[in-house]
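Subject: Structure for you to look at

Hello,

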Amino acid sequence: MLDEDASLSPTSRRMQARIIEAVIDTVAAHGISGTTLALVARAAGVSQGVLVFHFRTKEGLLAETLRRQNADYRRLWQAALTRSDPLARVLGLIRTDYSAPVCSRRTLALWFAFWGETAARPICRNLCETAERERALAMEEAARDLVALYGGPAPDLLARSVDAMTDGLWLQMHIHGARMPRARALGQALDHLRLMLPHLADRI
């Protein structure tokens, strides 16, 4: 589900959602530099004038796509924080990171395309840094609660290790495609967590 501006008319919301989906497909296929308004318009089945009306420029279109992807991801991982047991929260955050909406081949291509632009595009850097910081803090808090309740390694080490493992597995999934399916990546992430928390391995 895409993040939407409630002030827009239903028609405009549908049109923007359609365009954003076209951006995702285009960036996944051509990268950021290869994405043009003409390609997005063709994929969305609209004129370039419609893109300019809704998003003004290519930069505006890319920034809005990243905002919405970050918002979608945020909604998904925040759902994991409703659990009272901190181990369940950590597991929920991990499982979210390997769910289809977050790390399909299409969405991983989009994430890596944007991450590759953080040095050159300040808007990408700012949006990515803000989203990453909030998500990292959520894992750190869950890790602190887990270690306080069950024991384990230093909470900041646990949180960083889990998220670093995910970063690496996402990269392998992006590079290797079907040879590294989501289920296999999730299994490796859970195996890693068992190594970090051997006393809780039977619950992971």
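First, the ground rules. This is a predicted model: local features need pLDDT of at least 70, side-chain atom pairs count only at pLDDT 80 or more, and totals for chains, interfaces and linings use all residues. Residues are numbered from 1 along each chain as its sequence is written, and side-chain values use heavy atoms, with hydrogens and water left out.

Helix H3

Start with H3, residues 48-55. Helices here are DSSP runs (H or I, at least four residues), numbered from the N terminus. Leu51, His54 and Phe55 are buried in H3. Buried means under 20% relative accessible area, exposed over 50%, and partly exposed in between (1.4 Å probe, protein chains only). Seen down the axis of H3, the buried residues fall within an arc of 75 degrees, so they line one face of the helix. The arc is taken from the directions from the helix axis to the C-beta atoms. Their cover includes H1 (10-34), H2 (37-44) and H4 (58-79).

Now find Arg56, in the loop between H3 and H4. Arg56 is not a glycine, yet its phi is positive, at about 70 degrees. Most residues other than glycine have a negative phi. Is Arg56 buried or exposed? Arg56 counts as exposed, because its relative accessibility is 70%.

H1 and H7

Two packed helices are described by the angle between their axes and the distance between the axes. Axes are lines fitted to C-alpha atoms, for helices over the stretch in contact, and angles run from 0 to 180 degrees between N-to-C directions. The axes of H1 and H7 (residues 105-115) come within 9 Å and cross at roughly 65 degrees. That makes H1 roughly perpendicular to H7 (65 to 115 degrees counts as roughly perpendicular). Contact means heavy atoms within 4.5 Å. Ile24 and Ala28 are among the H1 residues that meet H7, where the partners include Leu110 and Phe114. The contact of H1 with H7 has 8 nonpolar, no polar and 3 charged residues. Ala, Val, Leu, Ile, Met, Phe, Trp, Tyr, Cys and Pro count as nonpolar, Asp, Glu, Lys and Arg as charged, and the others, Gly among them, as polar.

H5 and H8

H5 (residues 86-97) and H8 (residues 122-150) have axes that come within 8 Å and cross at roughly 145 degrees. Leu93 is one of the H5 residues in this contact, and Leu146 is one of those in H8. The contact of H5 with H8 divides into 12 nonpolar, no polar and 4 charged residues.

Best wishes

Definitions and conventions: Helix = DSSP H or I, 4+ residues; strand = E, 2+ residues; numbered from the N terminus. Parallel < 35°, antiparallel > 145°, perpendicular 65-115°, else oblique.
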